[in-house]
Amino acid sequence: MGLSKWLHPLTAQKTEDGTYDPSPFTLALGTSTKTSYIAQNYETKYTASKPILVVCTDDGRMKMKNDKVFNTGNHPIEMFLPMLHFRDAGFTFDIATVSGGPVVLEMWAYPTKDEHVKSLHESVQSMMEKPKKLADIESLDGYAAIFIPGGHGAMVNLPESVELGRLLHEAHDKSLPTVTLCHGPAALLATKAEEKEFAYGG
């Protein structure tokens, strides 16, 4: 048995288009077919009409130091699991990306046996396929909060988005709840675009 064949479970897997998915070993250890979601029944729920603005990535190609391209996007669990809990609390959603192009997910991490995630995904799929363009959102007056999901894709084009930086500065100035997790906080660097002061320093 050659060394390359022996190492196969430990190496990133090349796809048909020449990009790479995580190794089988990484997928076995780092992904799950189901989430930990348990529906919550709150005595008091959000009853106003303002949705949460979910800011996603539309760029799922991350170039590595060795020039290989890693398939990324928003992590499906880190996107849909918080949204399930937001929904339980009474919130609805608007979805936006930098270009207005479709949301890109790390589909290699999709929880294929989680019916809650699959149902929510189906309910917002049309918004994910045709999201709003960040530049077209003039202000956050019509929103209850901003949510930036995790996933390596949050580090691709969101940190350099002038329009996201503008909205995040507005959210910070207005004390609008801003929620993010895992790799998502990389997007907060957008507040430094155009040499502005980082909104979350200190």
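A residue counts as buried when its relative accessible area is under 20%, as exposed when the value is over 50%, and as partly exposed in between. Keep that scale in mind as we walk through this structure, which is a predicted model.

F25 belongs to helix α2, which covers residues 24-30.

Five strands make up an open sheet in the order β7-β6-β3-β8-β9, and their pairing is parallel. The edges are taken by β7 and β9 (178-180); each has a single partner strand, so one side of each has no neighbour in the sheet. Strands of a sheet pair through backbone hydrogen bonds, in either a parallel or an antiparallel way.

On one side, β6 runs parallel to strand β3 (residues 52-55), and four bridges join the two. Within this pairing, L53 stands opposite D94 of β6. β6 is also joined to strand β7 (residues 132-133), again in parallel, by two bridges. Here A96 has K132 in β7 as its bridge partner. To get from β6 to β7, the chain passes through helix α4 (residues 115-129), making a right-handed β-α-β crossover.

How many of the five residues of β6 are buried? Five of the five are, so by the under 20% cut-off the strand is mostly covered. In a regular strand, side chains alternate between the two faces of the sheet. In β6, F93, I95 and T97 lie on one side and D94 and A96 on the other, and all of them are buried, leaving both faces covered.

At the other end of the sheet, strand β8 (residues 145-148) pairs with β9 over three bridges, in the parallel sense.

Finally, let's look inside. The largest nonpolar core holds 22 residues, and V54, M79, F80, M83, I95 and M128 are those with the most contacts inside it. At least two residues of this core come from each of β3, α3 (76-88), β6, α4 and β8. Which element gives the most to this core? That is α3, with seven residues.

Terms used:
Residues are numbered from 1 along each chain as its sequence is written. This is a predicted model: local features need pLDDT of at least 70, side-chain atom pairs count only at pLDDT 80 or more; totals for chains, interfaces and linings use all residues. Side-chain values use heavy atoms; hydrogens and water are left out. Buried means under 20% relative accessible area, exposed over 50%, partly exposed in between (1.4 Å probe, protein chains only). Two strands pair if DSSP finds at least two bridges between them. A crossover is right-handed if, with the strands pointing away from the viewer, the path from the first strand over the helix to the second runs clockwise. A nonpolar core is a set of buried Ala, Val, Leu, Ile, Met, Phe, Trp, Tyr and Cys residues joined through side-chain atoms within 4.5 Å.
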